[in-house]
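User: Hi! Could you walk me through this structure?
Analyst: Happy to, here it comes.

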Amino acid sequence: MSHLAAAFLNKRLGLIIMPTEKCNYRCVYCYEDFEQGRMADSVSDGIVRLVASRAPLLDQLTISWFGGEPLLAMAVIEKIMQAANDSAAEHAIRLHSGATTNGHLLTLPRLRRLCALGVSQYQITIDGPADVHNARRRQAKGAGDLATILANLHAACASDLLFAITLRIHLDEISVPRFDDLLAELGTIVQDPRVSFAFEMLGNYGRALPDTIRPMSRGRFQDAARMLEDRLAGLGKAASGADADEEHVCYAATPNSFVIRADGAVQMCTVALNAAHNAVGRIGSDGVIRLNERYAQWLSGWHMDDRAALQCPAKAIVAMQAAAKQPRATALPHAIERIVA
Ligand code: SF4
């Protein structure tokens, strides 16, 4: 199915849900402000009602858990996933779910419970071997703790659970030469077919970087990522990250994809969290997403046939604002008209 058809079809809904914006970590580059706590019941009730009202027309529902650290709010995850599973069973919907977690709380009992609810795909970021990782991905109460994350990963790999964990490896000039040290610390985790690797360029996500991080240029990152991909291929392991997918369309440019924050604010993008142009609406406890006029600009890449704006609509909006251009109004797609009050 083409990207265009898939994006505008009424049959798909993607929700990126932040059940809490608190975090047990304070990574040195994190752009979040951690101000909002656990999602209010009125917001989770609204999400349950949204899913129930959309379910009769859906054939695919994707729920991605994000934060803060989403596993700090297991009760919210359980409530919404129970309801999503009920709707999926009733209407024969393919339900996909995953979580972006720092991995600290992903103990085997929690992973077992989450897998039973259909939360089976995980992304865990690792910055390098323990000395590098712990200095950057610090806990709120002090130093980082890669040992706990690795213990959780070993327990997961020793289980027969059906999951897919992507280890997102942050690369900079310091972590690249230490990659073999990281592989040694990961040990048998590397060989597990349920574990894969993705390389990401460590950069400024909205907060000035400390001197202990030495960012790479895009070209240097690609060279390093290709080298490490080859290193993993030699171990029989696939990895990704070096080469951008030209056809990639960001979820934030997709009309049926929404980020729902802990307070019920609806946004399009998880990165520019507090940017005014990202505040596109709110979800009510009645399950209705009420969108405002800012929503249309996230979709401008489609009608302007602008590939860069499809790959990163946030950058395109900032560029348009800087150029003082107003994007043309976009008619709301059919899938959205149903949920706009
Ligand atoms: S684990 Fe994620 S949300 Fe928490 S501090 Fe680190 S980057 Fe921020």
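Analyst: One cut-off before we start: a residue is called buried when its relative accessible area is under 20%. Also, keep in mind that this is a predicted model.

User: Thanks! Is Phe 179 buried or exposed, then?
Analyst: Phe 179 has 3% relative accessibility, so it counts as buried.

User: And how many aromatic pairs are there in the structure?
Analyst: The structure has three of them. One joins Phe 179 and Phe 197 edge-to-face, at 6.5 Å centre to centre with 75° between the planes. Phe 179 sits in helix α7 (residues 179–186) and Phe 197 in strand β6 (residues 195–201), so to speak of sequence, they are 18 residues apart.

User: What about Phe 179 and Phe 199, how are their rings arranged?
Analyst: Their centres are 5.7 Å apart and their planes at 65°, so this pair is edge-to-face. Ring pairs join Phe 179, Phe 197 and Phe 199 into a cluster.

User: Switching topic: which residues surround the ligand?
Analyst: Cys 23, Tyr 25, Arg 26, Cys 27, Cys 30, Phe 34, Gly 68, Asn 102 and Arg 137. By class, that shell has five nonpolar, two polar and two charged residues.

User: And what does the chain contain in helices and strands?
Analyst: Twelve helices and eleven strands. Of its 341 residues, 52% are buried.

How values were computed: Residues are numbered from 1 along each chain as its sequence is written. This is a predicted model: local features need pLDDT of at least 70, side-chain atom pairs count only at pLDDT 80 or more; totals for chains, interfaces and linings use all residues. Side-chain values use heavy atoms; hydrogens and water are left out. A residue is near a molecule or strand if one of its heavy atoms lies within 4 Å of it. Ala, Val, Leu, Ile, Met, Phe, Trp, Tyr, Cys and Pro count as nonpolar, Asp, Glu, Lys and Arg as charged, and the others, Gly among them, as polar. Helices (H or I, at least four residues) and strands (E, at least two) are DSSP runs, numbered from the N terminus. Buried means under 20% relative accessible area, exposed over 50%, partly exposed in between (1.4 Å probe, protein chains only). Rings of Phe, Tyr and Trp (its six-membered ring) pair if their centres lie within 6.5 Å; planes under 30 degrees apart count as stacked, over 60 as edge-to-face and the rest as tilted.
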